[in-house]
Every structure is written in structure tokens, then in C-alpha cells.
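Reader: I am new to this structure and would like to learn how to read a few of its features. Please show me the model and then take me through them.

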Amino acid sequence: DGKVKPSRRFVRKNKTVAGQKVGGFSASTPAGNTGRKAVGLGKTPRVKGGGGNGGGDGKGVKKKVMKCNSKCLWMVHPKNLVEQEELFLNGEIQNPCFEYENEDALSVVLSAFKVREGMFDLAVSILDDCISRFNKESSFLEHDGGSILPQESVEEQVNKYLSEMNLENKINVNFTSEKISPTSVIHDPKTRKTRLMIAIPITYREKRMNGVLNHEIGTHYLRKMNGKKQKWYKNKKKKLELKPYIESEEGFAAINQVLDASNDPNRVPYLWTQALYYYAAVQGSKMNFRELYDDLAKYIDDPKRRWKQCVRVKRGLKDTSIAGGLYKDQVYFEGAVRVLQLRHEIDFRYLYAAKLHVEDCLRPEIQKLVNLDNVIMPRFYSDDPEGYVRSLDRIAEVNHII
């Protein structure tokens with residue numbers, strides 16, 4: 001990819017809750033090897049050869065990891081994360097040394113995601129614009145999101161959201177201290193129940209919580225459930241040569257997460273988190289943990305938030321004194337940019353009909369197969385489809401995307 005330059009200018013388990021131009025850019029989104037599901041989705045797979053303790057000869061690991069894709073990202077969750085965080089933030093070590101349950105699988109998981117730099121300058125322009133306006137990340141987060149919610153308030157908001165969508169009997173919420181991602185969704189095919197996993201300590205803010213639910217429930221969950229109603233989807237995916245959907249999946253969800261900010265004239269709907277993920281992945285491919293941590297100081301002023309961002313990139317490495325890492329998070333930004341580029345061409349009913357890449361939704365042969373009769377649309381779209389597109393227009397404008 002050539003670089004593109006912008007034009008100047010708590011643990012509680014089983015708790016049920018009731019109830020292509022880019023702003024002066026000529027950007028093509030490199031596909032990479034990104035046919036992956038969201039972090040934390042699916043059951044924990046069993047991997048042969050490693051025995052779960054890093055032993056064995058690793059036989060069978062590659063085949064299993066590649067089959068289950070990012071369901072295997074649990075393998076790159078360091079088991080000594082808390083200990084290394086304390087040592088690092090206290091200044092006792094420069095680069096963490098992470099330990100894992102199954103070290104045989106690390107190289108396979110890391111090699112599944114290649115770093116891309118084609119949207120680096122766009123990401124930087126968004127980050128710099130936000131910092132120039134708010135001075136530091138903590139000021140932006142406080143202005144945009146308000147105060148951090150207590151757990152009880154989080155439960156109340158989830159309850160209200162699920163009730164409005166008539167999903168209160170289909171989704172449970174779990175609070176856990178063992179997640180790197182603040183939120184993830186796990187589907188259990190046996191019980192047909194879905195669990196919304198929320199990391200503690202809570203990082204949700206009062207004005208942003210609804211956006212999180214738009215992301216996890218109003219996008220991920222609905223696309224999955226709608227896809228199950230499309231009888232052709234599972235059997236004809238290979239024959240139809242459908243693109244890997246993860247880029248569109250995460251990018252579309254990211255857009256819907258900042259929808260509330262777009263509809264509020266006092267807020268600015270930056271794709272801040274997604275641009276930060278992209279930037280950190282590129283820099284992490286060239287820097288060790290300490291260098292990345294110091295580099296991110298210009299964007300993330302809170303030391304613990306900066307640590308977590310570095311961990312997202314460096315998970316999967318044992319010795320973080322070297323460059324490299326896990327680059328999966330780039331799909332959030334790439335996907336959001338692509339959906340926004342095509343926002344006036346998309347019939348969003350097709351994008352919601354199944355877990356499809358946005359470009360596949362535009363193919364006439366795919367549209368002919370889709371049954372729209374039983375597609376469930378989120379209220380933030382169905383109440384005012386034209387208003388939804390206008391909201392996307394503002395998101396695109398703020399983030400330099402034409």
C-alpha cells in the first residue's frame with residue numbers, strides 16, 4: 001500500500017438483564033488476511049498439540065487456529081497481565097514479558113493479520129484534529145461521554161435498550177475482569193442465548209453507553225440473527241465468492257457507535273478509537289512496547305488507558321522489547337471508512353440482512369437472494385432512514401471522508 005496524504009486544512013457471571021475518495025485521499029482498503037470474527041466471539045476452541053500449557057510439539061495447532069479464526073484470540077491473552085502492568089506502570093520494567101497458556105499457537109495467530117499503512121495519514125489527521133480541539137484525550141472523552149457510569153447504571157441502560165428491541169429474554173450480561181476488550185458478544189448455539197460480556201472496571205460513560213449497545217446489539221447481534229433467516233447464506237457463501245465480512249462488520253458497528261454523537265450538535269463524532277487502533281498497529285509494527293507507550297503519550301494522557309492500547313497491539317508477543325504485534329484492530333477503521341464512502345449507494349436493509357461485506361450488498365445477484373421480509377432493523381435506522389444517512393454525512397465530514 002502506498003501512503004495517502006490528507007488535504008490540509010468485575011466478575012459477575014450469568015447475571016441476566018431483564019428486559020473511493022477520502023477527504024483529499026485516494027485510498028483503497030487493502031484486504032489483507034482479515035476474514036476474522038470479532039474478538040471474543042464464539043466458544044473457546046480446543047487446540048491439539050499444546051496441551052493448553054505451552055507444551056507439546058504444536059502439531060495440529062495451525063490447522064485448528066486458522067479454522068476457528070479469532071475465536072482463538074484467547075490464546076494471545078497474557079496470563080500474567082496484571083503483574084506486568086503493575087511492574088511497568090511502577091517503572092520497574094521497560095518492556096513486559098508476557099506468558100501464555102498455549103505458546104505454540106502464538107506465531108500462527110499473529111501471522112494471520114498483516115499490518116497495513118494505506119490509511120495511516122487519514123488516521124493521524126483525525127487524531128491530530130481531535131487533540132487540537134480538545135487538547136488531550138481525557139478532555140475529549142469527558143466532553144463527549146460525560147462521567148463514567150457505575151455498574152448499576154450500566155445494567156439499567158442495557159435493560160432499557162433490550163426491552164425496547166424485545167430482546168430481554170434472549171441476551172444475558174456478564175461482567176468480567178478477564179477481558180482486554182471493554183465489550184464482546186458470545187453466542188451459545190446450544191442454549192441459543194447470547195451473552196454480552198462487559199469488562200470491569202467499567203469504562204463506559206453516560207453519553208456513550210447507548211452507542212456501545214448500538215455497536216454490540218444494534219449491529220453485531222442483529223446482523224447475526226438476520227443472517228440465520230437467510231437460508232441461502234450458509235450453503236452458497238463459497239459459490240457466491242463472498243468477501244470476508246469482518247472489515248464491514250466492525251466498521252459498520254463503529255459508525256453506529258458514534259451515531260448519538262452525530263445527532264448532538266454539542267458533540268463531535270470523531271472515529272477516535274478506530275483511528276487510534278489503526279495508528280497504534282502501524283507504530284507497533286516498528287516499535288517495542290516502551291517506544292509505543294511513549295509515542296502514544298501525545299494522544300492518550302491516561303497511563304492505564306495507554307497501557308491497555310499497547311497491550312492490544314503487543315498481545316501475542318512474549319518479549320515485547322521487539323517490534324511487531326497483533327494487527328487485527330485495523331479493520332475497525334478500514335471498515336468504517338469504506339462504509340462511509342459508500343453510504344449513498346447502500347440500501348442498509350441488505351447490509352443488515354446478514355454478515356455481508358458492504359460491497360457484496362451492492363451486488364444484484366446477492367440482492368436477488370436476500371429475503372427482506374423478516375429482517376429486523378434497529379430503531380435508530382427504521383424510525384428515520386433518511387435521517388440516519390444524514391447522520392452518516394456528518395460523521396464522514398468530521399472525519400475527512402467524502
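**Reading salt bridges and burial**

Author: At 35% relative accessibility, Arg305 counts as partly exposed. The model is a predicted one, in which local features need pLDDT of at least 70 and side-chain atom pairs count only at pLDDT 80 or more, while totals for chains, interfaces and linings use all residues. Residues are numbered from 1 along each chain as its sequence is written, and side-chain values use heavy atoms, with hydrogens and water left out.

Reader: What does partly exposed mean?

Author: Buried means under 20% relative accessible area, exposed means over 50%, and partly exposed lies in between, with a 1.4 Å probe and protein chains only.

Reader: Which residue does Arg305 meet in a salt bridge?

Author: Side chains of opposite charge can pair when their charged atoms come close. A salt bridge is a side-chain nitrogen of Lys or Arg within 4 Å of a carboxyl oxygen of Asp or Glu. Here the partner of Arg305 is Glu137, at 2.9 Å from N to O. Helices (H or I, at least four residues) and strands (E, at least two) are DSSP runs, numbered from the N terminus.

Reader: Is Glu137 buried or exposed?

Author: Glu137 is buried, with a relative accessible area of 1%.

Reader: How many salt bridges does a search of the whole structure find?

Author: The search finds 20. Among them, Arg208 pairs with Asp144, their closest N and O atoms being 2.6 Å apart. Arg208 sits in the loop between strand E4 (193-199) and helix H7 (209-228), and Asp144 in helix H5, 64 residues apart.

Reader: Which residues are linked with Asp144 in a network of salt bridges?

Author: Arg208 and Arg267 are. The side chains of Asp144 and Arg267 meet at 3.1 Å, N to O. Arg267 is in the loop between helix H10 (259-262) and helix H11 (272-284), 123 residues from Asp144. As for burial, Asp144 is buried at 3% and Arg267 is buried at 6%, whereas Arg208 is partly exposed at 24%.

Reader: Where does Thr219 lie, and which residues does Thr219 touch?

Author: Thr219 lies in helix H7 and is buried, with a relative accessible area of 0%. Contact means heavy atoms within 4.5 Å. Not counting residues up to four places away in sequence, Thr219 touches Asn214, Glu249, Phe252, Ala253, Asn256 and Tyr352.
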